[in-house]
Amino acid sequence: VSTQSTGDRIKQWARLLSSVGINAISPVDFNWQHSSNLLNHLRESQVFASLLAKYNIRLYWTLNSLLATNQSAIAQIYRAVPSFGGLILKFGSEDQPGAPSPKLVNAVADLLSPFGGQVLLRGFIYGDEYADLSTSRIAIPKLYFAPKDGQYALNVVICAKYCPIDFQANTCIANPLDGALSKTRAGTEFMITKGFVMSFASRWKDWFDWDNGYGLHVDANNRSTNAASIQSGAAIGDALINPEVSWTNQPFNMINFFAFGSLTFNASASVDAIHRMWAELTFGAANTAVVDVVVQILALSETIVTDASQYHGYRGIWFKQTGEKKEAVEERPLDSMLINSTHIGALSRQLGVLNAYSRRVASIYANYRDPRTEPTVLLWERFPYSWKLSNGLTLLQDLRASGDRAVKNAQKVVDLWDTVQSALPPWQWSYTRDGLHSFRHKTKRHVKQIQKAFEKMH
């Protein structure tokens with residue numbers, strides 16, 4: 001932080017975040033190690049916070065359960081950084097110590113409260129310690145936190161993942177915990193960046209508009225939308241950045257920073273308007289040919305990732321690839337999921353997972369022909385590969401057809417970008433094209449691996 005170049009880089013990053021409405025940052029991995037050396041770097045944190053403050057961004061941090069409950073440690077942090085926003089806590093999941101009980105979380109919240117700090121508590125919990133509640137990670141957060149509603153301090157925000165299993169492109173967007181708390185501040189958590197090209201704007205828009213059916217928080221139209229449920233809470237965006245010119249592995253993924261800020265402050269914004277505004281701000285509103293092409297590419301990007309079964313599977317089933325060439329998938333990848341030569345799917349409905357949802361949402365996911373359910377139908381039940389979808393294809397036929405379509409569209413985005421070469425500076429066009437070429441190559445390779453895996457089964 002002491003070098004001029006590093007300070008300038010931090011300012012550039014802070015300016016970018018501020019420009020899209022992001023007002024806080026926690027610059028550490030959620031999956032921290034048990035130890036933490038933050039107290040050894042309070043001077044750097046002080047300088048860092050002062051740079052962020054110029055852009056109205058508050059510094060947060062992630063601490064383990066030992067330091068987070070240490071009064072002396074919290075006092076030292078606030079002496080160095082009086083504007084410190086608070087802590088993001090991840091207790092009791094993915095090998096992180098502690099448990100997100102009101103007793104432990106409130107102990108942290110009480111230490112932060114005199115300084116105006118708050119706790120952003122990740123609501124993504126699962127593991128053997130919750131086996132008495134459910135064997136499904138979909139249901140566990142709701143079954144754990146809902147009975148404790150009202151027991152958490154006022155400066156605690158419980159942030160559920162916007163999809164209940166992980167940040168998948170092929171899973172349901174409804175988390176049973178969304179909208180289920182009436183006496184506790186609630187929030188959500190999105191994944192902003194990944195290594196592939198994909199605009200998440202459409203999925204996030206669907207999440208904000210989703211009627212969770214609880215009726216505890218309603219919008220102006222008397223709908224219990226997710227947007228209404230987090231009005232007093234927070235939205236967390238996970239971002240993996242690197243020293244690239246575009247901060248991410250894929251230049252087009254900067255759309256997700258813009259979409260995150262846009263939808264958080266205006267959930268009624270349309271996906272097309274978000275795509276178009278970002279394209280105009282990035283490439284110039286007068287450059288209409290480029291803007292139109294970019295909007296097409298962003299719209300295609302979501303369908304490519306979904307069709308290719310990337311991150312992490314197909315219609316709600318998780319693919320864990322194995323083997324030297326990654327041309328096989330695990331038979332039992334997660335929870336009750338099964339992939340063998342005769343059937344594919346999970347037993348979530350049979351295990352009572354739908355009971356964790358409101359009646360409204362449960363009725364949607366119980367209807368396998370509902371267009372809101374069919375894209376993730378395998379999350380709820382196991383089916384033979386001969387089961388037919390509404391498009392007339394069997395599951396096995398659809399899996400192959402979807403992969404072929406993904407490869408075709410990945411080539412299409414490269415071809416579209418080629419049409420605007422003369423309208424952009426050479427470095428900008430070639431840099432972006434390199435990213436799209438990499439995306440096309442990885443999509444083709446992934447599709448081939450998945451198709452090979454199922455060919456071997458059949």
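Biologist: What makes a stretch of the protein chain count as one of its helices or strands?

Modeller: Both are DSSP runs, numbered from the N terminus: a helix is H or I over at least four residues, and a strand is E over at least two. By that rule the protein chain has 14 helices and 14 strands. Keep in mind that this is a predicted model, where local features need pLDDT of at least 70, side-chain atom pairs count only at pLDDT 80 or more, and totals for chains, interfaces and linings use all residues. Residues are numbered from 1 along each chain as its sequence is written, and side-chain values use heavy atoms, with hydrogens and water left out.

Biologist: What share of the residues counts as buried?

Modeller: Buried means under 20% relative accessible area, with exposed over 50% and partly exposed in between (1.4 Å probe, protein chains only). Of the 458 residues, 55% count as buried.

Biologist: What share of the contacts comes from residues 24 or more positions apart?

Modeller: A contact needs heavy atoms within 4.5 Å. Among contacts with a separation of 6 or more, residues 24 or more positions apart account for 70%.

Biologist: How do you know that two strands pair?

Modeller: DSSP must find at least two bridges between them. β1 and β2 have two, in the parallel sense, and I25 has L59 in β2 as its bridge partner. Strand β2 (residues 58–62) and strand β3 (residues 86–89) are parallel over three bridges, with T62 opposite I88 in β3. Four bridges join β3 to the parallel strand β4 (residues 118–122), where L121 is the bridge partner of L89.

Biologist: Which strands stand at the edges of the seven-strand sheet, and why?

Modeller: This open sheet has the order β1-β2-β3-β4-β5-β6-β7, with parallel pairing. β1 (24–25) and β7 (235–238) each have a single partner strand, so one side of each is left without a neighbour in the sheet.

Biologist: What is the pairing in the sheet β12-β13-β14?

Modeller: These three strands form an open sheet with antiparallel pairing. β12 (338–339) and β14 (382–384) stand at the edges, each with a single partner strand, so one side of each lacks a neighbour in the sheet. Two bridges join β12 to β13 (residues 343–345), and L338 stands opposite G345.
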